[in-house]
Amino acid sequence: MEVLATPILRLDANWVDYLLIALYFVFVLGIGLSARASVSSSIDFFLSGRSLPAWVTGLAFISANLGAVEIMGMSANGAQFGMATFHYYWIGAIPAMLFLAVVMMPFYYGSKVRSVPEFMLRRFGPAAHLVNSISFAVAQVLIAGVNLYLLATIVNSLLGWNIWLSTVVAAIIVLSYITLGGLSAAIYNEVLQFFVIVAALLPLTYLALHKIGGWGGLTDAMDKAGTGAQTKSWPGTDITMYSSSFWSVVGIVLGLGFVLSFGYWTTNFVEVQRAMASKDMNSARRAPIIGSFPKMFIPFIIIVPGMLAAVLVSPLADMKSKGAATGQGGITYNDSLLLLMKQLLPNGLLGVAIAGLLAAFMAGMAANISAFNTVMSYDIWQTYVQKDKPDHWYTQFGRGATVVATLLAIGTSYFASQFPNMMTYLQTLFGFFNAPLFATFILGMFWKRMTAAAGWSGLVCGTLAAVAVAFLSEDAFGSASTGVLHLAGQGASFVAAGAAFVVDVVVSVAVTMVTPSRVESELRGLVYSLTPKEDLADEHADHWWLAPTKLAGVSLVMVIILNLIFR
Amino acid sequence: MKKAGLFDVRNIIGALLFLYGVILLIASFGTTDAEKARADGVNANLWVGVALVVFGALMVLWAVRQPIVIDEEALEADKRAVEEATEQSRLAARRQAEADDRAREDERGSAG
């Protein structure tokens with residue numbers, strides 16, 4: 001076996017660490033296997049059914065959205081850009097989560113739609129459904145590639161095997177996890193990994209802050225390194241790479257805060273589905289709001305360690321001061337968290353951290369693959385290709401799809417590896433897939449005249465517009481970008497998302513003008529004006545924390561205060 | 001009616017974190033001075049171990065004190081409702097696809 005010569009990244013794990021990692025896998029796979037052995041209604045209970053108490057859905061909602069990609073991506077971003085990364089939470093997540101809870105959730109819960117493709121099918125018919133299904137399947141394979149690449153970097157730094165071998169090993173791990181564990185293991189894993197990761201990141205942040213002399217020590221060190229401006233979150237010109245502060249703020253608020261974030265949160269059914277499993281409308285609406293409180297504070301143990309790594313880890317600090325994308329031994333910003341862990345954590349705690357990260361990437365990639373699987377077998381194959389096969393035929397087809405998706409992910413992980421900052425790549429992908437979907441979704445929900453033809457043509461043109469902007473920018477699509485437009489970094493992704501949104505809306509409106517509308521009776525429950533109004537008001541609640549709109553108000557005030565403190 | 005029992009997610013979280021805490025506590029006796037120095041003199045394994053043992057125990061205690069009760073009939077009814085809704089939605093899609101095909105054929109017919 002070829003051993004890579006990157007001693008900088010090599011984690012010195014010993015038997016205690018391996019024991020902790022092994023224990024985790026025993027736990028998760030054990031749940032999966034015992035679920036197979038005994039048909040337990042308790043497991044059914046946690047998997048499906050709209051009967052979960054608010055705390056369970058709240059917990060699942062929080063855990064599902066602390067993905068591993070987010071942990072590595074956001075800490076990389078924190079190391080490179082500092083406090084401005086908090087915008088991804090305080091501007092780019094909280095307002096959209098509250099919007100989802102207050103405005104969208106009554107509608108979703110009431111219409112009983114269970115997936116985005118299903119909404120497309122019922123609102124716009126087969127053409128939009130097919131376009132959306134294909135674009136969703138492609139997005140899942142690309143994002144699975146990101147997860148696989150990050151998982152491989154951990155295997156690489158743990159065992160020292162080269163990145164290709166690590167990728168193949170990581171793919172085999174995920175594949176066996178999906179086949180052995182099944183869906184029930186996946187759901188428990190998602191919640192478990194959250195707790196394990198917090199158990200590792202909280203002490204890591206504490207130790208790093210302790211070492212540097214607290215928050216004051218960090219700001220002093222950053223001042224000395226000439227990056228003192230990064231201890232303030234606004235105007236965030238480092239993130240957008242716009243020369244004007246004014247346009248940077250506009251880019252963050254409209255591009256990130258509106259199009260990307262509303263697009264992500266209101267159409268991301270992995271998370272929405274968690275909330276829809278609630279026992280009543282009130283719990284369904286409160287789940288994202290309950291989730292918004294930890295979401296506000298989580299960045300302190302993700303972004304702040306990234307910032308600390310850029311000061312404490314000397315090869316990283318060196319690379320940053322030179323303004324380079326890669327440093328000694330081929331390290332990039334994506335490695336910030338691993339480098340900090342290596343430097344500070346003793347054996348034992350190191351094992352907890354590795355177990356948490358491995359679990360999180362596995363959970364992330366497994367979710368992508370099973371989403372791909374469902375859409376490919378049912379939404380695409382059963383609906384359009386081979387319609388009348390027996391049920392077990394599609395189950396068999398699904399197993400094949402899982403293997404194919406894993407193989408494809410090995411390919412897309414190579415693509416992902418070309419990006420020195422994973423967040424930039426992810427934002428570009430969201431611009432392609434989520435921004436046009438959000439435009440079509442929101443138009444279709446609020447404008448009953450919008451036609452079936454407008455549904456699919458808007459989606460296609462919106463996606464093409466975002467792809468065009470990414471190719472014309474300097475680096476949004478890596479080396480494939482041509483640099484015709486002078487946009488770079490995450491600012492380019494914001495513009496691409498904005499373009500997708502605007503083009504989608506313009507095309508949808510234009511096409512609606514020349515094509516026939518659908519019959520109103522078919523749209524009942526799918527368009528806002530045709531949904532019962534009493535669903536939208538708060539039900540009577542005994543306490544303010546039980547009333548969704550009041551709880552959302554508290555969350556909003558808190559996030560505004562946080563923005564003011566760290567401006 | 002039935003209790004969620006061992007599969008209650010709080011029991012699973014509690015058990016894993018409790019075990020992690022115990023392992024870290026044992027490991028903390030073997031933490032070398034070099035490792036402590038790296039962590040700025042803090043024996044991190046010890047303190048995180050204590051915290052995890054307490055947290056894990058509290059999670060299990062919570063699950064024992066306030067068990068989740070499962071209404072199995074309601075669960076079955078809900079599963080059936082979901083299956084039915086999914087089936088209906090697929091049927092509707094197929095019907096619409098067929099209607100679209102017919103409309104297209106009609107158009108072709110009138111054009112020719």
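Is Phe55(B) buried, exposed or partly exposed? Phe55(B) counts as partly exposed, since its relative accessibility is 34%, where buried means under 20% relative accessible area, exposed over 50% and partly exposed in between, with a 1.4 Å probe and protein chains only.

## Basis of the model

This is a predicted model, in which local features need pLDDT of at least 70 and side-chain atom pairs count only at pLDDT 80 or more, while totals for chains, interfaces and linings use all residues. Residues are numbered from 1 along each chain as its sequence is written, chains are lettered from A and ligands numbered from 1 in the order in which they are written, and side-chain values use heavy atoms, with hydrogens and water left out.

## Aromatic pairs

Over all chains, the whole structure holds 8 aromatic pairs, a pair being two rings of Phe, Tyr or Trp (its six-membered ring) with centres within 6.5 Å, and planes under 30 degrees apart count as stacked, over 60 as edge-to-face and the rest as tilted. The rings of Phe194(A) and Phe195(A) are edge-to-face because their planes stand at 85°, with the centres 5.4 Å apart.

Phe195(A) also forms a tilted pair with Phe55(B), at 5.9 Å centre to centre and 35° between the planes. This pair joins two chains, because Phe195(A) lies in helix 9 (residues 163–212) of chain A and Phe55(B) in helix 3 (residues 44–65) of chain B; helices are DSSP runs of H or I with at least four residues, numbered from the N terminus. Ring pairs thus link Phe194(A), Phe195(A) and Phe55(B) into a cluster, in which Phe194(A) is buried at 10% relative accessible area and Phe195(A) is buried at 12%.
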